[in-house]
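Subject: Structure handover

Hello,

Here is the structure I promised to pass on. Please open it alongside this note; my findings follow below.

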Amino acid sequence: MIKYGGPAFPVEIGSQSDQHDCSMGMTLRDYFAAAALTSWASSYPTLAIKDIVKQSYETADAMIAEREK
């Protein structure tokens, strides 16, 4: 099962009494993958984009797993 880590930048919208809702926006997994993407792309410029994306999400998954320890 893929863990998304929750929202990267949650924003509270409308609050009434004890009810709070947030806009999900980008997930933490997507944020981590985007950050890793630049590193993978610059370090391995000859790697196919699909492989760079795959490595970026694998990096993001490892970051989320480490964060949960």
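Predicted model: local features only at pLDDT ≥ 70, side-chain atom pairs only at ≥ 80, totals over all residues.

I will start with Pro 10. Its relative accessibility is 48%, so Pro 10 counts as partly exposed. Pro 10 sits in the segment before β1 (11–16).

Overall layout

The chain has two helices and two strands. In sequence order the pattern is β-β-α-α. Of its 69 residues, 16% count as buried. Take the contacts between residues at least 6 apart in sequence: 36% of them join residues at least 24 apart.

The helix pair

How do the two helices meet? The axes of α1 (residues 28–43) and α2 (residues 49–67) come within 7 Å and cross at roughly 130°. That angle makes α1 oblique to α2. The crossing of α1 past α2 is right-handed.

By class, the residues of this contact split into 13 nonpolar, three polar and four charged. On the α1 side, the residues involved include Leu 28, Phe 32, Ala 33, Leu 37 and Trp 40. On the α2 side they include Ile 52, Val 53, Ser 56, Ala 60, Met 63, Ile 64 and Arg 67.

The core

Which residues make up the largest nonpolar core? There are six: Ala 8, Leu 28, Phe 32, Ala 33, Ala 60 and Ile 64. The largest share comes from α1, with three residues. As background, nonpolar side chains in soluble globular proteins tend to be buried together.

Phe 32 touches Ala 60, Met 63, Ile 64 and Arg 67, leaving out residues up to four places away in sequence.

Ile 64 belongs to helix α2. Its relative accessible area is 3%, so Ile 64 is buried. With residues up to four places away in sequence again left out, Ile 64 touches Lys 3, Tyr 4, Gly 5, Arg 29 and Phe 32. The C-alpha atoms of Ile 64 and Leu 28 are 8.2 Å apart, while 36 residues separate the pair along the chain.

Is Ser 56 buried or exposed? Ser 56 counts as buried, because its relative accessibility is 1% and the cut-off for buried is under 20%. Ser 56 is found in helix α2. Beyond its neighbours within four places in sequence, Ser 56 is in contact with Ala 33, Ala 36, Leu 37 and Trp 40.

Leu 37 lies in helix α1. With a relative accessible area of 31%, Leu 37 is partly exposed. Its contacts, neighbours within four places in sequence aside, are Ile 52, Val 53 and Ser 56. From Leu 37 to Ala 60 the C-alpha distance is 9.6 Å, and the two are 23 residues apart in sequence.

Ser 56 is buried at 1% relative accessibility, whereas Leu 37 is partly exposed at 31%. The two are in contact with each other.

Best wishes

Note on methods. Residues numbered from 1 in each chain as written. Heavy atoms only, no water. Axes fitted to C-alpha atoms, helices over the stretch in contact; angles between N-to-C directions. Helix = DSSP H or I, 4+ residues; strand = E, 2+ residues; numbered from the N terminus. Parallel < 35°, antiparallel > 145°, perpendicular 65-115°, else oblique. Left-handed = near helix turned anticlockwise from the far one by under 90°. Contact = heavy atoms within 4.5 Å. Nonpolar A, V, L, I, M, F, W, Y, C, P; charged D, E, K, R; others polar. Core = buried A, V, L, I, M, F, W, Y, C linked by side-chain atoms within 4.5 Å. Buried < 20%, exposed > 50% of the residue type's maximum accessible area, 1.4 Å probe, protein only.
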